[in-house]
Structures are given as structure tokens and as C-alpha cells.
Amino acid sequence: QVQVVESGGDLVQPGGSLRLSCAAVGSITSLYAMGWYRQAPGRQRESIARLIRPGFINYADSVKGRFTISRGTAENTVYLHMNNLKEEDTAVYYCQADRGPNFGVRYYWGQGTQVTVSS
């Protein structure tokens, strides 16, 4: 069993910064990929940053230059560094652990952490 836990969401003013943390624990070795998604009210969940072994990174256009995904020192941990936050970044942010294409159950999700950008 795999458990994914996010933390770090908060209320922040426009232009501010936040760092989200994610850890995947349980019956896993090294993950194929880890990524951050977000879902705003009334909108579909979207991928915003993804880190794929051995070090490929993809960002959504909406966050390029403002958000950075990085690997933690502990195995199967990632961070999302968010700078110059905008009101349209307000959403529930989810972390996804991807075990890779060879596993029947491939994806695991965290419970989400709320990020609110407002003055």
C-alpha cells in the first residue's frame, strides 16, 4: 500500500510565495515520477509540474518561471516552490506518485492541500 501526504497550503497575498511538500510512503521503492496537480472550483484537475526519473521536468505554461518542482533528500519526496503567486493560482493542490507503466495500480494521490491567494 502507498500513502501520499501533502502539506504547506496556506492563505497568501498576491505576489507572495509558498512551498508545498509531498511524501510517498509505503510498499514502494523508487518511483517512476512524482507530480503536482491542482483543481480550482468548477474546473478540471490540471497537471502543473512533474518530475520524471532520471531528472526530466515538465511544467504547465501557466506556472513556468514562477513554480519549481524539486526532489527532496529523502526518497520519494518532492517540493513545489511557488513564487509570485496570483489569485488564479487559488486551488486545491494534489501530489501524485507514479509507480510506472509496469504496475497494475500505477497512480496514488494525496488528499490535497488548499492554496488561497487573496489580498
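**View 1. Asp 98 and Tyr 107 pair between E9 and E10.** Tyr 107 in E10 is the bridge partner of Asp 98. Strand E10 covers residues 107-109, and three bridges hold it antiparallel to E9. Strands, like helices, are DSSP runs numbered from the N terminus; a strand (E) needs at least two residues and a helix (H or I) at least four. Two strands count as paired if DSSP finds at least two bridges between them. Asp 98 also stands opposite Ala 33. The model is predicted: local features need pLDDT of at least 70, side-chain atom pairs count only at pLDDT 80 or more, and totals for chains, interfaces and linings use all residues. Residues are numbered from 1 along each chain as its sequence is written, and side-chain values use heavy atoms, with hydrogens and water left out.

**View 2. Strand E9 and its other partners.** E9 spans residues 91-98. Seven of its eight residues are buried, so by definition each of the seven has under 20% relative accessible area; over 50% is exposed, and partly exposed lies in between (1.4 Å probe, protein chains only). Seven antiparallel bridges link E9 to E4. E11, residues 113-117, is antiparallel to E9 over three bridges. In that pairing, Tyr 93 has Thr 113 of E11 as its bridge partner.

**View 3. The E4-E5 hairpin.** Strand E4 (residues 33-39) runs antiparallel to E5, with six bridges between them. Tyr 37 is bridged to Ser 47 of E5. Six residues separate the two strands of this hairpin. Gly 42 takes a positive phi there, near 75 degrees. E5 itself, residues 46-52, is mostly covered, with five of its seven residues buried.

View 4. E5 and E6 are joined by a hairpin of three residues. Strand E6 takes in residues 56-59 and runs antiparallel to E5, with four bridges. Among the pairs, Arg 50 has Asn 58 of E6 as its bridge partner. Pro 54 sits in the loop between these strands, E5 and E6. The peptide bond joining Arg 53 and Pro 54 is cis, with omega about 5 degrees. Most peptide bonds are trans, and most residues other than glycine have a negative phi.

**View 5. Two asparagines with positive phi.** Asn 76 is not a glycine, yet its phi is positive, about 60 degrees. Its place is the loop between strand E7 (67-71) and strand E8 (77-82). Is Asn 76 buried or exposed? Asn 76 is buried, at a relative accessible area of 6%. Asn 84 also has a positive phi, about 50 degrees, without being a glycine. Asn 84 lies in the loop between E8 and E9. Asn 84 is partly exposed, with a relative accessible area of 43%.

**View 6. The surroundings of Val 2.** Val 2 belongs to strand E1, residues 2-7. Val 2 counts as buried, at 9% relative accessibility. Which residues does Val 2 contact, leaving aside its neighbours within four places in sequence? They are Val 25, Ser 27, Ile 28 and Tyr 108. Contact means heavy atoms within 4.5 Å. Val 25 is 23 residues from Val 2 in sequence, with the two C-alpha atoms 5.7 Å apart.

**View 7. The whole chain, for orientation.** The protein chain has 11 strands and zero helices. Its C-alpha atoms fill a box of roughly 45 × 25 × 25 Å along the principal axes. For 119 residues, a compact globule would have a radius of gyration near 14 Å, and the chain agrees at 14 Å. That radius is taken over C-alpha atoms; the globule rule is 2.2 Å times the number of residues to the power 0.38. Buried residues make up 43% of the 119. Of the contacts with a separation of 6 or more, 54% link residues 24 or more positions apart. The accessible surface comes to about 6,400 Å², with 47% belonging to carbon and sulfur atoms. This area comes from the Shrake-Rupley method with a 1.4 Å probe; for residues, only the protein chains shown count as cover.
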